[in-house]
Amino acid sequence: MQKRHADGLTGHIPAYIQVASALRRRIETGEWLPGEKISTLEELEEEFKRARVTVRQAVGLLEKEGLLTRQQGRGTFVAEHVNDKRWLTLETSWDAMIRSIKGNVPRFINVKEPPPFPRLSPEEGHLANEYGFLRSLQLRDGMPYAVVSVHIKRSVLEKYRDEFMKHTALAVLDQLRGTVVKKAHQTMTIGTADPEVAQLLGVSLSAPTAECRCIVTSDNDEVIYVGEITYRSDCIRLHMDLLDTTEPLEDEALAENGKA
């Protein structure tokens, strides 16, 4: 096994989670292939400069995730069938996005001094008079995959508070489409986990993340919702069919029929 050097294991994230994240990355990128024997505990201990118990915890975590299997007397191996963890597709339409999150139940996080207003650029719309703020953790099978911070126009939040406490905010707003909700758009950037996000998502400090910003407006471009969602990069994928010509062809056919 080629000797490696581990860097960047700093910050307030538990050491075993940082080591597990580094090892997980090797599996997901194909550096360690299915069925391949990984480094011994002694080698990992030397590489990461961590105590044996820390390394053992990290390996145990990946065993629990189904990424590693331990064989008595032989060592630890990458699982033959590594499931694709990128189960969450970042959707490019409102309906598809709502379908993907409709069943999610947020775990709310107490924020002592929430920001009173969202940050807005001029082209995104204009602020409402007052906002409420919600911050939550999204989980799947007990594993956290996203941290969500949202500002919702105060009057809308208070009117539908019970629903907002039970469901994701966008799923609630979907019920108001055509009345309160008029327009929506989303942008995505690639970022890195800050200490708080790393702690909540169980990833290493400065691990790659996908950061989505969603703006929902009502009449006269008043912003009623601003959502900032930070996803673990190992749980998501963005899929776009670049050669899907179905809709344009249908539009052309309708246009031709209109000319007839």
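First, some conventions. Residues are numbered from 1 along each chain as its sequence is written, and side-chain values use heavy atoms, with hydrogens and water left out. Because the model is predicted, local features need pLDDT of at least 70 and side-chain atom pairs count only at pLDDT 80 or more, while totals for chains, interfaces and linings use all residues. Helices are DSSP runs (H or I, at least four residues), numbered from the N terminus.

I start with helix α1, residues 15-28, and α2. Their axes, lines fitted to C-alpha atoms over the stretch in contact, with angles from 0 to 180 degrees between N-to-C directions, come within 12 Å and cross at roughly 110 degrees. The two are therefore roughly perpendicular to each other, a term for angles of 65 to 115 degrees. The crossing of α1 past α2 is right-handed: the near helix is turned clockwise from the far one by less than a right angle. Contact means heavy atoms within 4.5 Å. On α1 the contact is made by V19, A22, L23 and R26, and on α2 by L44, E47 and F48. By class that is 5 nonpolar, no polar and 2 charged residues; here Ala, Val, Leu, Ile, Met, Phe, Trp, Tyr, Cys and Pro count as nonpolar, Asp, Glu, Lys and Arg as charged, and the others, Gly among them, as polar.

Next, α2, residues 41-48, and α3, residues 52-64. Their axes come within 9 Å and cross at roughly 110 degrees, which makes α2 roughly perpendicular to α3. This crossing is right-handed. From α2, L41, E42, L44 and E45 meet R52, V55, R56 and V59 of α3. That contact has 4 nonpolar, no polar and 4 charged residues.

Definitions and conventions
Parallel < 35°, antiparallel > 145°, perpendicular 65-115°, else oblique.
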